[in-house]
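Subject: Structure handover

Hello,

Here is the structure for you to open. My notes on helix packing follow below it.

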Amino acid sequence: MSFSIAPQQPRTQSEDATRALEAGLWLEDGNVVLIAEDTPFKVHRNVLCHNSQVFRDKFSQVVQGSENNGALIVALSDAWKDVQYMLSALYYGGKYFSTDKPLSFAVASALLRLGTKYNIVHLRDEVVARLKQCFPPSLEDFNNCYAGPKAYDDDDSLACIPEAIQLQKTDVIGVINLARLCDLPFLLPPAFYICSALDLDDIFEGVQDEDGRLMKLSPEDIYTCIRGREDLIRANLECMEIFAFPENSFGCAAPFICNVREQAFIHKWWTEGGRIDTIVLVSPDWVERRGPLIDSPLCILCRSAVLKYMDAFRQLVWNSLGEYFSVPDWPIIANAE
Ligand SMILES: [Zn+2]
């Protein structure tokens with residue numbers, strides 16, 4: 001196990017100690033002092049034992065002489081901020097888990113990692129449920145949280161379920177790492193899909209989280225991401241073939257006009273860089289929100305045929321995400337989990 005009995009008394013007067021006081025995690029009647037990166041937290045042994053078999057096992061092996069004024073002193077190998085988030089969730093859970101307030105990604109990440117490490121099941125389950133809302137297993141749910149028109153906004157925030165987790169687009173790098181660390185492979189296909197649209201610098205060099213810590217993909221996942229990115233660009237090109245080589249819908253009253261408008265659309269899409277986009281899963285109605293079709297729409301029959309074709313293509317791509325990003329057992333069949 002990665003924590004040990006600390007040999008020395010914590011620096012209770014130090015700047016590190018004030019962190020616990022400010023967070024309400026230096027409890028005078030506490031009987032255990034957890035030390036993470038020199039920051040001590042004085043809490044209750046029974047609270048930790050009640051929530052975690054790992055702490056329970058550890059405290060049952062207490063070494064005589066490791067107590068100070070009746071409080072057991074235990075050094076953890078975790079970042080102090082992560083420990084603060086974990087203890088805050090245990091002591092002040094309502095603050096973290098109210099349904100009308102999203103978790104920040106840094107908090108969600110810490111609760112999932114430490115919830116897994118210390119086997120605090122309810123912390124892990126809460127974060128997994130929220131991540132699953134943001135990276136769902138079905139295209140329909142994914143469309144509601146990401147694939148809508150906001151996907152085209154320049155805004156860096158990820159347009160997902162607002163009450164679940166507050167995410168920036170670059171946080172998907174951290175989500176992929178969490179999925180690997182905590183064995184949550186079903187998050188990977190949608191997370192890789194979003195990751196593949198990031199700037200290459202972010203994919204290769206990583207990004208900082210809100211606490212200033214570096215989030216970076218493993219070399220294997222950088223390779224996986226770039227491979228999948230190629231597949232998505234190819235799929236995006238194939239999806240647009242319907243505009244490049246239009247067929248007239250049966251009953252179209254103005255085939256020449258519809259064809260000219262489709263050609264104008266593909267020309268604008270091509271020259272503005274759409275051919276190297278990876279965002280093939282974005283809701284097909286984006287074609288009407290951008291480009292020449294805003295002012296010069298297709299007839300109702302051609303519009304319907306195009307949207308139907310693109311919807312079917314998107315489902316095909318969604319089902320292929322597992323293949324693109326080397327994730328077996330994808331797509332997930334409903335109720336199979
Ligand atoms: Zn038409």
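Helix 6 (residues 105-117) packs against helix 7 (residues 121-134) at an angle of about 135 degrees, and their axes are 8 Å apart. Axes here are lines fitted to C-alpha atoms, for helices over the stretch in contact, and angles run from 0 to 180 degrees between N-to-C directions. Helices are DSSP runs (H or I, at least four residues), numbered from the N terminus.

This is a predicted model: local features need pLDDT of at least 70, side-chain atom pairs count only at pLDDT 80 or more, and totals for chains, interfaces and linings use all residues. Residues are numbered from 1 along each chain as its sequence is written.

Helix 6 and helix 7 are therefore oblique to each other. Under 35 degrees counts as roughly parallel, over 145 as roughly antiparallel, 65 to 115 as roughly perpendicular, and the rest as oblique. On helix 6, the contact uses A108, L111, L112, G115 and T116. Helix 7 supplies L123, R124, V127, V128 and R130. Contact means C-beta atoms, placed from the backbone, within 7 Å. Six of these residues are nonpolar, two polar and two charged. (Ala, Val, Leu, Ile, Met, Phe, Trp, Tyr, Cys and Pro count as nonpolar, Asp, Glu, Lys and Arg as charged, and the others, Gly among them, as polar.)

Helix 6 also packs with helix 9 (residues 172-181), at about 10 degrees, with axes 11 Å apart. That pair is therefore roughly parallel. F105, S109, L112 and R113 of helix 6 meet G174, L178 and L181 of helix 9. This contact has four nonpolar, two polar and one charged residues.

Best wishes

Terms used. Helices (H or I, at least four residues) and strands (E, at least two) are DSSP runs, numbered from the N terminus. Two residues are in contact if their C-beta atoms, placed from the backbone, lie within 7 Å.
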